[in-house]
Amino acid sequence: MTAASPAPLPGSGPFGVVHGGSDGSQLTRAVLASTGDRGEAVELDTFWGARPVLEHLHTFARARRVAPWALLGVTLARVITAVPPAVVLPAMVGSHGSLNLFVGIVGRSGAGKGTAESAAADAVPLPGPVTTATVGSGEGIAHAYVRRTKEGVEQHTHAMLFSVPEIDTLTALSERRGATLLPELRRAWVGERLGFAYSDPSKRLPVPAHAYRMSLIAGIQPERADRLLDDADGGTPQRFIWLPAEDPHAPEAPPGEPPPWRWQSPRWPQRAWGSPHMVLPVCARAREEVDADRLARLRGEGDALDGHAMLARLKIAAALAILDARAHIDDADWALAAHVVQRSHACRQAVADVIAVSYAMGNRRRAHAEAERAVLIAETLEASTVQRVARGLVRRLDGRGWVPRNDLRKTCPGRERAHFDAAIDAAIAAGQIEARQISYHGQAGAQYRAPGA
């Protein structure tokens, strides 16, 4: 089968207006459900059925009770880790593009990031070991590749797969004073030089551009992704491929598990004379669309929030080609990558919706709490004022006989008269003032005195 151009998915706009709820079931519907069962059938035909390796991943995911999109994302990240750092995308915009890939697996806690990672290792075993690590700091990233010896800086590792169980761990690390984690990750995504120019040469650990391979897999819980999305101006969330960890179309009975896919590294392109790079050939269609997108942005057009969309799509197309054991991007790779990008945009949008709804609910709760607090304060002040006025009335009746209501009221300062009725009632209820009803010239009235006066 061949890959068709993908139809727009619900919520595919970048970081747009809220539509939906904040619980996991509504997130799943927003991310995965396009046209019900018919949409699932179309997706099986146009994407998962387009290649034997994709069909294998889909079946393996269902057999292991893992979301197919999550398994695909982890598999692509693992395969990219096996690509030599010198393999790059052509210099169509600026300089050569890195294949370094960041994948976010989106779902509630326990939705399946860890199971997707373990299943991917079984679904498509790589010929060599994959070095994995967690992310600690911006400075620590360089340490994962190089170390300083007596002779100078030595590169001990060329490829790393970083795993972040929960995205709020990553963003919390980035918020420490002087933290450099997110800027360093952004540089790594495009393959730029890593390390910092410390004034002390012995502390410098430079990692040259395109001399390292990095893939990163992060678990993203929707309600905790706000700080990642807040870094949109820096470009961090746009560098991730956002894929769902849930599978609403999972069958009641899992299919039989297929044997592991026998993946082999393709033959990489030759280096041009004098160049350190091995450049992947890219089809004309992809080149034309990348150039058209860049021209529009040069003219100030397009959405700034998706300025990295074309490079992300190229990375995915390259990963799909390499997964298919080819070292060149063709039209089918480019079309399939569009499906993944649209799925990523829809997933990211759904997360933004969840956060917006959560914020709105939080604001309402805070507003109700503030209103209740204001009422409580007002009631407390009112009660305090009434008690103060009542004490004044008791003092003014001390040593006197029966005092008519109007005469007693006139003894109150003007600002206290509004509280006279409540104060006299409170004092009577407390036994501090006695009252009696009288009739004077046919008019009912009241008199008050101190008890026993």
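Contact here means heavy atoms within 4.5 Å. The model is predicted: local features need pLDDT of at least 70, side-chain atom pairs count only at pLDDT 80 or more, and totals for chains, interfaces and linings use all residues. Residues are numbered from 1 along each chain as its sequence is written, and side-chain values use heavy atoms, with hydrogens and water left out. Helices (H or I, at least four residues) and strands (E, at least two) are DSSP runs numbered from the N terminus.

**Confidence**

**Helix H3 and its partners**

- The axes of H3 (residues 52-63) and H4 (residues 68-81) come within 8 Å and cross at roughly 125°; axes are lines fitted to C-alpha atoms, for helices over the stretch in contact, and angles run from 0 to 180 degrees between N-to-C directions.
- H3 and H4 are therefore oblique to each other, where angles under 35 degrees count as roughly parallel, over 145 as roughly antiparallel, 65 to 115 as roughly perpendicular and the rest as oblique.
- H3 passes H4 in a right-handed crossing; a crossing is right-handed if the near helix is turned clockwise from the far one by less than a right angle, and left-handed if anticlockwise.
- On the H3 side, Leu 54, Leu 57, His 58, Phe 60, Ala 61 and Arg 62 meet Pro 68, Leu 71, Leu 72 and Thr 75 of H4.
- This contact of H3 with H4 divides into seven nonpolar, two polar and one charged residues; Ala, Val, Leu, Ile, Met, Phe, Trp, Tyr, Cys and Pro count as nonpolar, Asp, Glu, Lys and Arg as charged, and the others, Gly among them, as polar.
- H3 packs against H5 (residues 113-123) at about 130°, with the axes 11 Å apart, which makes H3 oblique to H5.
- The crossing of H3 with H5 is right-handed, and His 56, Leu 57 and Phe 60 in H3 meet Ala 119, Asp 122 and Ala 123 in H5.
- The contact of H3 with H5 has four nonpolar, one polar and one charged residues.

**Parallel sheet**

- Five strands form an open sheet with parallel pairing, in the order E3-E6-E7-E2-E8; two strands pair if DSSP finds at least two bridges between them.
- The edge strands, E3 (132-133) and E8 (240-244), each pair on one side only.
- Six bridges join E2 (residues 101-106) to E7 (residues 213-220), and Ile 105 has Gly 219 in E7 as its bridge partner.
- H5 packs on the sheet, touching E2, E6 (159-164) and E7, and its direction makes about 140° with that of E7.

**Helices H10 and H11**

- H10 (residues 284-298) and H11 (residues 309-323) pack at about 160° with axes 10 Å apart, which makes H10 roughly antiparallel to H11.
- H10 passes H11 in a left-handed crossing.
- Ala 286, Glu 289, Val 290 and Asp 293 in H10 meet Met 310, Arg 313 and Leu 314 in H11.

**Antiparallel strands**

- E11 (residues 434-440) pairs with E12 in the antiparallel sense over seven bridges, and Arg 436 stands opposite Gln 447 in E12.
- E11 and E12 form a hairpin with two residues between them, and His 441 in the turn has a positive phi of about 55°.
- E10 (residues 403-404) pairs antiparallel with E12 (residues 443-449) over two bridges.
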